[in-house]
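Take a look at the chain below. This report visits a few places along it, one at a time.

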Amino acid sequence: MDAYDGGSNARRRPGAASEPGDAPEPEGPEEAYGPHGPHGANGPEAPGGPDAAVESRARVPAQDRESADAGSVTSNPGADPAHLDSSEPAHSDPSDPSEPPHLGSSEPAHPGSSEPADARSSAIRPAAPAPDLAAYRAPDPEPRTGVAALSLRYQIGVALALAVVAVAVCVHIGMVFLHVAPSNTVTKQHGGAVDDWVYPEFEQNWKLFAPNPLQLNIAVQVRARIRSADGGSRTTGWYDLSAQDGRAIDGNLLPSHTQQNELRRSWDLFVATHDADNRPVGLRGTLSGTYLRRIVVLRLERDHATARGDVLVSVQVRSRTSNVPPPKWSEEKVPVQPVYRELPWWPVTADDTEGSAR
């Protein structure tokens, strides 16, 4: 049957004039529940479609229809009573084009509804939460450490300092190599520069790797003849200069080069440039004797060997050589008596005391 047919069973729009022979318009409950009763568009329909249901409801008396509506509501335990409030908008009939569908309705879909569940649920679906942008944020870079944490100016300074240190290390290694290497063209032309760099702090020798290393204790001692102010003369006892240097080095984390090597190197040079009778061999022998004499004179002046008004006339140097005792577990037998080597008396000149006066 056409929904807009002029017959008695056709639905009229609100306010349309009634025609003779039509059934009277129901009053009361239909206004509260809408044109389709308490079940709305989703409720069970009468046989014959929605028009037949309207016609059957129109022929039922008002009291009976109210009791029937109440019974249908109570018989549906799954229905929400909140949807029966008169303040809720009435469900629209899908066959009536004059009433637009309520897309914003929050009423749950009924099994008998002809409207797809997805279309209804999409209208009441809650809005998706905003995405967490922190999960997509780029991780913070790790803090810089070491030289990279410095500013550009300080990085340049550190780079220059490292370059200077690297160059100095390379030059030192090259000089030491040329010093210990056999004679070659470079050492012949630049031997003086190599010696100036190596001596005296970086001297290299092979005594440590000798088959029989030095096992002697050598002490350099000196005594002097002094003329007193009244014209008398006296001779001092032996001053152990090597023992003085040993006491100054013992416990000193930074001993001076003078305390370690000056006296020892001067005696080694003297022995190497003199024969067994203490006669000089070549020009270096004479220079080594003068060098040793001036060292011992300066030591005596420093130790205040002469009193006020006394004059240092001459000095005599000797060496005391003794063997290093072997360990207790060794069966080696070595003499324990020291061996002395005495040099002749050397007169003291004004040039020998000039250094102490300055």
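## Helix α8 and its two ends

Helices here are DSSP runs of H or I, at least four residues long, and they are numbered from the N terminus. The model is predicted. Helix α8 covers residues 241-249. At its start, a side-chain oxygen of Asp-240 comes to within 3.4 Å of the backbone nitrogen of Ser-242.

After α8 comes Gly-251. The phi of Gly-251 is positive, near 80°.

## Gln-204 in a loop

Now for a loop. Gln-204 sits between α7 (185-198) and β1 (216-227). Is Gln-204 buried, exposed or partly exposed? Gln-204 has a relative accessible area of 38%, so it is partly exposed.

Which residues does Gln-204 contact, once neighbours within four places in sequence are left aside? They are Val-176, His-179 and Val-180. Take Val-176: 28 residues separate it from Gln-204 in sequence. In space, the two are 7.9 Å apart, C-alpha to C-alpha.

## Arg-293 in helix α10

Arg-293 belongs to helix α10, residues 282-302. Its relative accessibility is 16%. Buried means under 20%, so Arg-293 counts as buried.

What does Arg-293 touch, not counting residues up to four places away in sequence? The list is Val-315, Trp-346, Pro-347 and Asp-352. With Asp-352 there is also a polar contact: the two side chains are joined at 2.9 Å.

Note on methods:
Residues are numbered from 1 along each chain as its sequence is written. This is a predicted model: local features need pLDDT of at least 70, side-chain atom pairs count only at pLDDT 80 or more; totals for chains, interfaces and linings use all residues. Side-chain values use heavy atoms; hydrogens and water are left out. A polar contact is a pair of N or O atoms within 3.5 Å; within protein, one must be able to donate a hydrogen and the other to accept it, and residues adjacent in sequence count only if both atoms are side-chain atoms. Buried means under 20% relative accessible area, exposed over 50%, partly exposed in between (1.4 Å probe, protein chains only). Contact means heavy atoms within 4.5 Å.
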